[in-house]
Amino acid sequence: MVKAVRNSNHELLRIIAMFMIVFIHANRFLFYLVNGKTAFVLNGMVNGICNIGVTCFMLISGYYGMKFDIRKFVRMECMMITYSLAETALLYAVMPEQLQGAALLEQIVKSMLPFITRKYWFYSCYVCLLFLSDHIQKFIDALKQKEFERLLFVLFTLLSVLPTLFYFEIVPDNGKGLLHMIMIYMTGRYIRMYRDVKLPRKAGILFVFLWIINGISHEIPIKIGQISHHLCKDNSITNLMMAVILFYLFKELHIRSRFINKAAANVFAVFALNDVLVTVVMERLLDSGFKSGGGVTGFVVLAGTVTAVLLLCLVIGAVRELILGRTDRWLGEKAEHVVTSIMP
């Protein structure tokens, strides 16, 4: 199969997906800034769309395909160790009361071993997929189209449709686990192999409709006893449909930008650093006595903070690559040499 050439269309979507991820983390501060019905509507709006960020990211990875490379793994692990240690240092500097004794030791250990400790759940899933990618592709290549479609139908039913309809999950991770990520990755592969088409314009209307349904569901969940069920989860079928539609819409764009491509190469800095940076900025802002008036102004401040944090993380990633990129590549080459010398 001819490998698709990655252009700026989906690189821009990756950055937007990161924006969604940062916003969903920052949204816990919304009710400190916005009051009443305005908060109700805005909270539904944010939660109704921002949980599709990870799914969009994985669909892109599946569409273009991943191929295991020990050098890439070593570079990524070095990169995440750097970011994680920086996150720990920042937390210790601004909130030392939260990192004392065993808590500090645990944080340092996780920072030195981000992959195997699952400090960042998506990063660990992504690396697992990197290790499995060649085997997944061989498995897919062995399937006929109809067999592939039946497999995806079974996976969608078990991992997305049933949890959406009935709340209960066969794999209890809200879609934040390896099996769900494999399903999304394989969906991206399927689109590339068999459904590389153009969606009708009405797909955008369906996207907005699903967004509204998601937002209403989040703010008015189904409650039965201790159960509270809404659609804004990673494994929700509405989220999956929205992510697929958005993926197709961006596929039809014609964007070529070196700046976008270089920025998108640093998105893992956003995964690692966004939560602590949002927390530090927002808590300092609130502690300073900032008053938003409880209206839309507070939401604009929150959105501005999210944008600033996203841009800062991308800049940090670019600076780190400039300083340590050559070292990462050297370590990757050494690791590849060691692995190839001991493997049969």
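Trainee: In which helix does L324 lie?
Mentor: The model is predicted, so local features need pLDDT of at least 70 and side-chain atom pairs count only at pLDDT 80 or more, while totals for chains, interfaces and linings use all residues. Residues are numbered from 1 along each chain as its sequence is written, and side-chain values use heavy atoms, leaving out hydrogens and water. Helices are DSSP runs (H or I, at least four residues), numbered from the N terminus. The run of residues 296-342 holds L324, and this run is helix 14.

Trainee: Is L324 buried, partly exposed or exposed?
Mentor: Buried means under 20% relative accessible area, exposed means over 50%, and partly exposed is in between (1.4 Å probe, protein chains only). L324 has a relative accessible area of 30%, so L324 is partly exposed.

Trainee: What distance separates the C-alpha atoms of L324 and C78?
Mentor: Along the chain, L324 and C78 are 246 residues apart.

Trainee: How many disulfides does the structure hold?
Mentor: A disulfide is a pair of cysteine sulfur atoms within 2.5 Å. C125 is in none, as the nearest cysteine sulfur, that of C128, is 6.5 Å away. The sulfur of C313 is too far for a bond, because the closest cysteine sulfur, in C50, is 16 Å away. The number of disulfides in the structure is zero.

Trainee: Is C313 buried or exposed?
Mentor: The relative accessible area of C313 is 0%. That value makes C313 buried.

Trainee: Which residues of helix 9 make the contact with helix 11?
Mentor: Helix 9 (residues 178-194) packs with helix 11 at about 35°, with axes 12 Å apart. Contact means heavy atoms within 4.5 Å. On helix 11 the contact is made by L240, V244, F247 and Y248. On helix 9 the contact residues are M183, I184 and I191.

How values were computed: Helices (H or I, at least four residues) and strands (E, at least two) are DSSP runs, numbered from the N terminus. Axes are lines fitted to C-alpha atoms, for helices over the stretch in contact, and angles run from 0 to 180 degrees between N-to-C directions.
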